[in-house]
Amino acid sequence: MFSSIVPLTRLNPFYAPHFQLIQDGVRKRAEPAEAPTTQRSLAAASAAEEYSCEYGSLKFYALCGVGGVLSCGLTHTAVVPLDLVKCRMQVDPQKYKSIFNGFSVTGLCKFGFYEVFKILYGNMLGEENAYLWRTSLYLAASASAEFFADIALAPMEAAKVRIQTQPGYANTLRQAVPKMFGEEGIWAFYKGVAPLWMRQIPYTMMKFACFERTVEALYKYVVPKPRSECTKGEQLVVTFIAGYIGKESFKSYTSLMDYRNSRSLSFLRISNRCVWKGLFARIIMIGTLTALQWFIYDSVKVYFRLPRPPPPEMPESLKKKLGLTE
């Protein structure tokens with residue numbers, strides 16, 4: 001079944017396995033400047049570089065999950081007062097004191113499962129196909145991660161919405177959960193999981209894919225030296241910039257699509273200025289928030305001495321098939 005699905009990945013708009021060059025009248029494929037780093041070579045090099053664990057091990061996934069918790073938990077907690085003010089302006093509920101728990105769960109699942117599925121799908125595709133269809137790989141891995149992250153987040157999201165929209169219902173998560181379960185059963189916590197998937201899965205797919213390809217482009221076209229020669233501090237700077245650029249590009253795209261999908265042209269004419277109000281400020285805020293998430297996540301990897309694979313490069317076997325090596 002998997003073999004029938006794989007060719008479909010080529011149909012997505014982000015499929016760009018390699019560029020073509022014309023040299024001496026012969027059409028050839030572009031190749032990276034440096035030799036590739038495979039998962040085997042990365043695992044072998046772990047001992048030399050004194051990594052704390054092997055790439056793809058249970059400890060690796062667990063610590064990546066910790067990085068996701070800190071990444072999402074810290075950054076979103078910083079903007080909780082803004083969310084609280086917004087909600088009080090809307091329905092004037094009591095303060096939701098356990099909001100950090102929701103961000104911790106989604107960070108753990110989103111970043112941790114992304115690493116799991118990226119390695120899993122990469123192994124299923126094989127080294128060459130994983131490189132050729134790497135953007136499809138990022139999209140599939142992030143979608144799978146968000147799918148399970150939303151299942152874990154749905155109960156807390158349901159309780160949060162109930163507290164915010166029904167004043168007097170409950171003041172804390174501890175009060176809301178047993179009350180909801182007693183009134184409606186377990187289904188009370190998963191009524192909104194389908195809309196949550198529809199909102200979050202496309203968002204997460206673009207977030208992770210844009211970040212991965214931006215990192216690759218920065219090291220290829222902007223950074224004046226190979227990643228292996230960059231210090232960990234310089235690599236973290238690249239991570240922050242890639243997170244910011246990737247998020248800004250995505251927000252600009254989604255804002256444009258929201259504009260195009262508005263209900264009528266007359267509405268657009270009337271609210272042409274209003275619809276864009278605060279766009280720049282929101283791009284700055286969300287872009288900085290996302291950049292900080294990637295920075296914190298990568299910093300956790302550095303702190304725990306986790307393997308951090310460089311941007312993907314063309315395998316030697318694929319170079320030979322394409323006639324790029326003698």
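Reply: Among contacts between residues at least 6 apart in sequence, 77% join residues at least 24 apart. Contact here means heavy atoms within 4.5 Å. The model is predicted: local features need pLDDT of at least 70, side-chain atom pairs count only at pLDDT 80 or more, and totals for chains, interfaces and linings use all residues. Residues are numbered from 1 along each chain as its sequence is written, and side-chain values use heavy atoms, with hydrogens and water left out.

The protein has 13 helices and two strands. These are DSSP runs numbered from the N terminus: H or I over at least four residues for helices, E over at least two for strands. Of the 326 residues, 43% are buried. Buried means under 20% relative accessible area, exposed means over 50%, and partly exposed lies in between (1.4 Å probe, protein chains only).

The part to look at is helix 8. It runs over residues 173–184, which is 12 residues. From first C-alpha to last, helix 8 reaches 16 Å, close to the 16 Å expected. The expected span is 1.5 Å times one less than the number of residues.

Now its faces. L173, A176 and M180 are the buried residues of helix 8. They sit on the same side of helix 8, because they cover an arc of only 60° around the axis. That arc is taken over the directions from the helix axis to the C-beta atoms. R174 and G182 are exposed on the other side. Just past the end of helix 8, G185 has a positive phi of about 80°.

Next, the partner. Helix 7 (residues 134–165) packs against helix 8 at about 100°, and the two axes are 10 Å apart. Axes are lines fitted to C-alpha atoms, for helices over the stretch in contact, and angles run from 0 to 180 degrees between N-to-C directions. Helix 7 is therefore roughly perpendicular to helix 8. The classes are under 35 degrees for roughly parallel, over 145 for roughly antiparallel, 65 to 115 for roughly perpendicular, and oblique for the rest.

Helix 7 brings A158, A159, R162 and I163 to the contact. Helix 8 brings L173, A176, M180, E183 and E184. By class, that contact has six nonpolar, no polar and three charged residues. Ala, Val, Leu, Ile, Met, Phe, Trp, Tyr, Cys and Pro count as nonpolar, Asp, Glu, Lys and Arg as charged, and the others, Gly among them, as polar.

P155 lies in helix 7 and is partly exposed, at 21% relative accessible area. Beyond neighbours within four places in sequence, P155 contacts F189 and Y190. Its C-alpha is 8.0 Å from that of A188, which is 33 residues away along the chain. S136 is also in helix 7. S136 counts as buried, because its relative accessibility is 8%. S136 and A209 are 73 residues apart in sequence, yet 8.3 Å apart C-alpha to C-alpha.

Last, a loop. P312 sits between helix 12 and helix 13. P312 touches Y131, R134, Y138 and E216, not counting residues up to four places away. The C-alpha atoms of P312 and R134 are 8.1 Å apart, across 178 residues of chain.
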